Amino acid sequence: MSSSQALIVPFDPSAPSQAVAGVLPLQLWSLTPSGDKAPKAGTTATFYNTPAGKTTTISSVGDGFSSKASEVKRELVRKSVGAAVKELKAFDGVKDVVVDASLDPHAAAVAAHLALYKFTLKTNVPSPFDPRNAEPAKDKVAFAPVEASAEWDRGVVYAQSQNLARTLAEYPANMITPTAFTERVRREFEGIANVEIVVRDEAWAAEKGMLAQNVFLSVTHGTSEPAKFLEIIYKGAADKTAAPLAFVGKGITFDSGGISLKPGAGMKLMRGDMGGAAAVVSAGLAIAKLQLPINLVVTTPLTENMPGPSATKPGDIIYAMNGKSVEVDNTDAEGRLVLSDAIYYTSTEYKPHTLIDVATLTYAMIFAVGEVFSGVFSSSDELWQQLYEAGQLEHDRFWRMPMDDEYLPQIHGSNADLQNTGGRPAGSATAALFLKPFVAGLEEGEIKWAHLDIAGSMEATRPGAYQEKGMTGRPVR
């Protein structure tokens, strides 16, 4: 029988002298049927009453661990710890788990908390996600490292923030409306220093030129849910007036496609079409919790896209906040409409040095890179390199996509300045090129910009070593 207390030991098969809390993992592995073979990374074995009164799960980091590159080692640690957590969480009695995080405290903390997560609203057991809960429910298992460290604590923040993005994207659209989204974000940021939350309404949007025949709220004409525009301002730099980093996230809390209605099969997945907004607010939350020494602004335009009697129609021509005219070729290409005004507003109002927008934008991205990578379109080689390195470090990887002006005729062939689709060929590239004119200061070299298309990476259709199937919360980390 398992104990309420457990120990997780990621072990290196080529390190015979490894010992943790009185446990010799290689010696324990020798007791298994495969004891004479070096186990693959993530291979686990659980031992009861070892040491006395506790359960121990050992999990391999694979052969030749010490010779691997640092980024590879981090992912092997994540796989090892994640596999062990997945095994232990199947035991109802396990409540407290101590993790040997010595190989990489940050990676171990990330994996433990990501692997524990499982979204459910089933009522046969208490769910921490039940919206009726008066108080937030606690995790089923509490983790602690064998040795406390700042790196472990930082990893916990990374994982919990990604889990928040997963939760926001998993909730059905009747539970996460634009209003509910902003209320949840307010609660998450309560008590954090140097943060201001501003929730704008449709009247404000009208004053800013985003309403009536303009692009942002043209998308919300078919829904009865009030649109919102959320701003999070974090001033963590010593100079509070210094130019900020800016995140902009697409916040379509449900996307039916509007008049250009999507097929019914699989449409429920479109509850996650606010995955970009979920990612940027969750990344902003982590930055604020860690009190990183930067200034940051996060903006998210929030609305539903529904086929109501007043919905925008294919062929309608509307105007963006920067004055450009846009022909709506397809109402299911609504993400770039809400983003365009949000990007222009953010880049003119806050004058950031760098702007990164994140959006579940195009099916074309799913066909291009699947769910393994997130696509990146960037005007800056330097910014692309920073994103690439960050993605490699956290194994939340990016792939750079082309953003060439030779695609422009596909979105310039209408009666307006821009058309919101350019046909199926290079659909992700034409979507990125549609957004480019709304980044104020880009042509003058005053700002670096990257557009992240996460349409594929928003969902895991198969379980991984430290994540279950479902919404991923990428690319928060």
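Residues are numbered from 1 along each chain as its sequence is written, and side-chain values use heavy atoms, with hydrogens and water left out. Because the model is predicted, local features need pLDDT of at least 70 and side-chain atom pairs count only at pLDDT 80 or more, while totals for chains, interfaces and linings use all residues.

Side chains of opposite charge can pair when their charged atoms come close. The rule here asks for a side-chain nitrogen of Lys or Arg within 4 Å of a carboxyl oxygen of Asp or Glu, and by that rule the count comes to 19 salt bridges. One of them joins Arg74 to Glu394, with the closest N and O atoms 3.5 Å apart. This pair links distant parts of the chain, since Arg74 sits in helix 2 (residues 70–88) and Glu394 in helix 11 (residues 381–394), 320 residues apart. Helices and strands are DSSP runs numbered from the N terminus, where a helix is H or I over at least four residues and a strand is E over at least two. Arg74 counts as buried at 14% relative accessibility, and so does Glu394 at 4%. Buried means under 20% relative accessible area, exposed means over 50%, and partly exposed is in between (1.4 Å probe, protein chains only).

Another salt bridge brings together the side chains of Glu468 and Lys89, at 3.3 Å from N to O. Glu468 lies in the loop between strand 18 (459–460) and strand 19 (470–471), and Lys89 in the loop between helix 2 and strand 4, so the pair ties together parts that are 379 residues apart in sequence. Lys89 is buried too, with a relative accessible area of 15%.

Then there is the salt bridge between Lys448 and Glu382, at 3.5 Å from N to O. Here the link runs from Lys448 in strand 17 (residues 448–453) to Glu382 in helix 11, 66 residues apart. Lys448 is partly exposed at 23% relative accessibility, and Glu382 is partly exposed at 49%. Salt bridges that share partners also join Arg74, Glu75, Arg78, Asp104, Glu394 and Arg477 into one network.

An open sheet of 3 strands runs in the order 11-12-16, with mixed pairing. Strand 11 (317–319) and strand 16 (418–419) stand at the edges with a single partner strand each, so one side of each is left without a neighbour in the sheet. Two strands pair if DSSP finds at least two bridges between them; strand 12 (residues 325–327) and strand 16 pair in the parallel sense over 2 bridges. Gln419 in strand 16 is the bridge partner of Glu327.

Val97, in strand 4 (residues 96–99), is buried, with a relative accessible area of 3%. Leaving out residues up to four places away in sequence, Val97 touches Ala6, Ile8, Leu88, Val141, Ala142, Phe143 and Ala144, where contact means heavy atoms within 4.5 Å. Val97 and Ser4 are 93 residues apart in sequence, yet 8.4 Å apart in space, C-alpha to C-alpha. Asp396 lies in the loop between helix 11 and strand 15 (398–400) and is buried, with a relative accessible area of 3%. With residues up to four places away in sequence again not counted, Asp396 touches Gly391, Arg474, Pro475 and Val476.
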